[in-house]
Amino acid sequence: MAYNHGREDRKWRIWKEAEEKVLRECGVDEATIEQIRTDDRADFNSNRRFYRWASDFGEYLEGMADREKQAEVKSVSDLLDEIENETLYPAFLWNIG
């Protein structure tokens, strides 16, 4: 599933407002609350960059898997037909025979 920035941002804002309400009730000064908000936003942005990249990479891998031909190997000759490296081919033939 792709990363949805809008949904994640809304969840972060709701969480942040609830946290700040608790901090104000406990008597924390506004400068400290603002510093915490700035630090938490930097963490959120860092996570956003990571998850957006990870999501794109996962979709890329899924697309590559769909494009790759999945041959069903039913015999030794089918297996040998799938070998693309010419230097490995004689090694497999030697071990089989």
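A nonpolar patch here is made of side chains of Val, Leu, Ile, Met, Phe, Trp or Tyr joined within 5 Å, each residue having over 30% relative accessible area and no salt bridge. The model on screen is predicted.

**Stop 1: the surface patch**

Select Phe 50, Tyr 51 and Trp 53. These residues form a nonpolar patch on the surface, and together they have about 380 Å² of accessible area. Keep Tyr 51 highlighted and show helix H2, residues 30–67, which contains Tyr 51. Tyr 51 counts as partly exposed because its relative accessibility is 45%, and buried would require under 20%.

Along the chain, His 5 and Tyr 51 are 46 residues apart, yet a distance of 9.6 Å separates their C-alpha atoms.

**Stop 2: helix H1, end to end**

Move to helix H1, residues 5–25. Draw a distance between its end C-alpha atoms: the value is 30 Å.

Which residues of H1 are buried? Select Asp 9, Trp 12, Lys 16, Glu 20 and Leu 23. Turn the view to look down the axis of H1: these buried residues fall within an arc of 65 degrees and therefore line one face of the helix.

Then select Arg 10, Ile 14, Glu 17, Lys 21 and Glu 25, the exposed residues carried on the face of H1 turned away from its buried side.

Just after H1, pick Gly 27, where phi is positive, at about 85 degrees.

**Stop 3**

The model has 9 salt bridges by the rule used here. Side chains of opposite charge can pair when their charged atoms come close.

Begin with Lys 11 and Glu 8. They form a salt bridge in which the closest N and O atoms are 3.4 Å apart. Both residues lie in H1 and are 3 residues apart, about one turn of the helix. Lys 11 is partly exposed, with a relative accessible area of 48%.

Next select Asp 9 and Arg 13. Their side chains meet in a salt bridge, 2.8 Å from N to O. This pair also lies in H1, with a separation of 4 residues, about one turn of the helix. An α-helix has 3.6 residues a turn, so residues three or four places apart point the same way.

**Stop 4: from H1 to H2**

Select Glu 20 and Arg 37. The two side chains meet in a salt bridge of 3.0 Å, N to O. Glu 20 lies in helix H1 and Arg 37 in helix H2, so this pair ties together parts that are 17 residues apart in sequence. Glu 20 is buried at 8% relative accessible area, while Arg 37 counts as partly exposed at 24% relative accessibility.

Salt bridges with shared partners join Glu 20, Arg 24, Glu 30 and Arg 37 into one network.

Finally, return to the buried residues of H1 and pick out Glu 20 among them.

Technical notes:
Residues are numbered from 1 along each chain as its sequence is written. This is a predicted model: local features need pLDDT of at least 70, side-chain atom pairs count only at pLDDT 80 or more; totals for chains, interfaces and linings use all residues. Side-chain values use heavy atoms; hydrogens and water are left out. Patches are made of residues with over 30% relative accessible area and no salt bridge: like charges are joined within 9 Å, nonpolar side chains (Val, Leu, Ile, Met, Phe, Trp, Tyr) within 5 Å. Accessible areas come from the Shrake-Rupley method with a 1.4 Å probe; for residues, only the protein chains shown count as cover. A salt bridge is a side-chain nitrogen of Lys or Arg within 4 Å of a carboxyl oxygen of Asp or Glu. Helices (H or I, at least four residues) and strands (E, at least two) are DSSP runs, numbered from the N terminus. Buried means under 20% relative accessible area, exposed over 50%, partly exposed in between (1.4 Å probe, protein chains only). The expected span of a helix is 1.5 Å times one less than its number of residues. The arc is that of the directions from the helix axis to the C-beta atoms.
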